[in-house]
Amino acid sequence: MGKITGFLEFDRKIEDYAPVEERIKNYKEFTLPLKEDELKNQGARCMDCGVPFCHSGCPLGNLIPDFNDAVYKGKWEKAATILHSTNNFPEFTGRLCPAPCEEACVLGINEDPVSIENIEKNIVETAFSKGWITAQPPKTRTGKKVAVVGSGPAGLATAQQLNRAGHLVTVFERDAKIGGLLRYGIPDFKMEKNVIDRRLEVLKEEGIVFKTNTHIGVDIDANTLKADFDAVVLSGGATVRRNLPIKGADLKGVVQALDFLKQNNKRVDGITDLGEEIKATGKDVIVIGGGDTGSDCIGTSIRHGATSVSNFEIMSKSTPERPEDQPWPFWPMRLRTSSSHKEGAERFFSISTKEFVGDKDGNLKALITSEVEWIKTPGQRPSLKEVPGTEKEWKCDLVLLAMGFTGSEMTVAQQLGLEADSRTNIKATAKNYMTNVPGVFVAGDQRRGQSLIVWAISEGRQAAHHVDIYLTGSSTLPLKGEGDLPRL
């Protein structure tokens, strides 16, 4: 795989970014692609490691050494075929995935790992530019009808796989456009929405039907949907946001991150009917939460023209290096600095918010914090302890709560009588992805809880295989570790 001595000859290289002062003026993607010969060199770094641990690091089981080798040899169409054999939407993952495959790369034990994600993105973009990605409708139809509820990556992957099996698939989405959090959660500067629309055209040409502005459980009773279709797949995601139940949480200016991001995505899309405006312009902004959503809020606030942006994280500051207790090839909790962090935010760690302070009119004007420390006891989960005498008041006009999601909305589950766990994840085993109600399946975050985009696509593909078996008795749809090479 690759060039035998490639990892000795070439250093890791990824796309550069446009200068901060340029990119914060708009919401367009700002990466600067590598040249083709540079990408070939990066593919050459994928050594013949014997056991490619990147496979186990990738929830999709992508055939990474194979497409890296094809890129090194300049066989881009072959690379695209290999990549699409396990991943329906590499244009999404190549932009948004945190790349657990790279953390599992054998080269990463003592060198910089292969730039797998960047290679993946360039493979699919080359394939689109060359016209290699075209609609592949099934040759025959089974006559079986499947409803997919939710159009995020899990729902779209489920839909495409079941459509390939010949079933008649309808995707229901409660928002005005297809995409779920890809559309109304991910900022355009990370992924412009024409990337979604380009793929949607292919899916529509393949025969998948999309119905927007249709809220299952509200506009259509879930039992009616079940009666009208031979199978139902729930892929609505884990959309219940985590709150911060402290004094002042109801003040104007304390906003959930997703409300902020969703409105801005609509604004960029030219939608004017946005309701009450949520903008960071001219404000002192504090983002609570140190994950990807928090980073997205930072980049968006800076583009709004915030006076200042601070980022609070209750966890202690990690090191850029892999911690000793998280050995390769496991995913390490290391310090990660995003492009948005570099645009002008100040980060604070081991800090807990205790109270929001408002003015006489109910507007947020400050918040109060204290420093915390994590106490580690062998055999127990770390406990949180406040550091006495560290209270501090911070001036702020807008707080964005980016603390993740606690589970699924339960309206549909309650209407159908589905079982759920204590975190409101709908129960369904990985054995067949079917719930306690025959014919009703669940995939993605709604089954496993808040997770990564690669897990969502993987879940959708796995669920589709089991739905196909339920409908026809057998399935040729691939499971993880199996390919489907003829298709782009």
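This is a predicted model: local features need pLDDT of at least 70, side-chain atom pairs count only at pLDDT 80 or more; totals for chains, interfaces and linings use all residues.

**Helix 3**

- Which residues of helix 3 (residues 36-44) are buried? They are Leu39, Gln42, Gly43 and Ala44.

- Find the open sheet whose five strands follow the order 5-4-3-6-18, with parallel pairing.
- Strand 5 (209-211) and strand 18 (440-442) are the edges of this sheet; each has a single partner strand, so one side of each is left without a neighbour in the sheet.
- On average, neighbouring strands here are turned by 20 degrees against each other, ignoring direction.
- Strands of a sheet pair through backbone hydrogen bonds, either parallel or antiparallel.
- Strand 3 (residues 145-149) runs parallel to strand 6 (residues 231-234), and four bridges join the two.
- Strand 3 also runs parallel to strand 4, this time with five bridges.
- Val148 is a handy landmark: it stands opposite Val233 in strand 6, and opposite Val171 in strand 4.
- Is strand 4 (residues 168-172) largely enclosed or largely open? Four of its five residues are buried, so strand 4 is largely enclosed by the rest of the structure.

- Another open sheet has five strands in the order 8-16-9-10-11, and its pairing is parallel.
- Strand 8 (254-256) and strand 11 (346-349) are its edge strands, each pairing on one side only.
- Neighbouring strands of this sheet are turned by an average of 20 degrees against each other, with direction ignored.
- Three bridges pair strand 8 with strand 16 (residues 398-401) in the parallel sense.
- If you look for the bridge partner of Val255, you will find Leu400 in strand 16.
- Helix 14 (residues 257-268) lies across strand 8 and strand 16, and runs at about 70 degrees to strand 8.

**Helix 18 and its neighbours**

- Helix 18 has 20 residues and spans 29 Å from its first C-alpha to its last, close to the expected 28 Å.
- Of those 20 residues, 16 are buried, and helix 18 is mostly covered.
- Which strands does helix 18 lie across? They are strand 3, strand 6 and strand 18, and helix 18 runs at about 165 degrees to strand 6.
- Helix 18 (residues 453-472) also meets helix 10 (residues 153-164): their axes come within 7 Å and cross at roughly 35 degrees.
- This crossing of helix 10 and helix 18 is right-handed.
- On the helix 10 side, the contact is made by Pro153, Ala154, Ala157, Thr158, Gln161 and Leu162. Helix 18 contributes residues including Ile453, Ala456, Gly460, Arg461 and Asp468.
- The residues of this contact between helix 10 and helix 18 comprise nine nonpolar, three polar and two charged.

Note on methods: Residues are numbered from 1 along each chain as its sequence is written. Side-chain values use heavy atoms; hydrogens and water are left out. Axes are lines fitted to C-alpha atoms, for helices over the stretch in contact, and angles run from 0 to 180 degrees between N-to-C directions. A crossing is left-handed if the near helix is turned anticlockwise from the far one by less than a right angle, and right-handed if clockwise. Contact means heavy atoms within 4.5 Å. Ala, Val, Leu, Ile, Met, Phe, Trp, Tyr, Cys and Pro count as nonpolar, Asp, Glu, Lys and Arg as charged, and the others, Gly among them, as polar. Two strands pair if DSSP finds at least two bridges between them. The expected span of a helix is 1.5 Å times one less than its number of residues. Buried means under 20% relative accessible area, exposed over 50%, partly exposed in between (1.4 Å probe, protein chains only).
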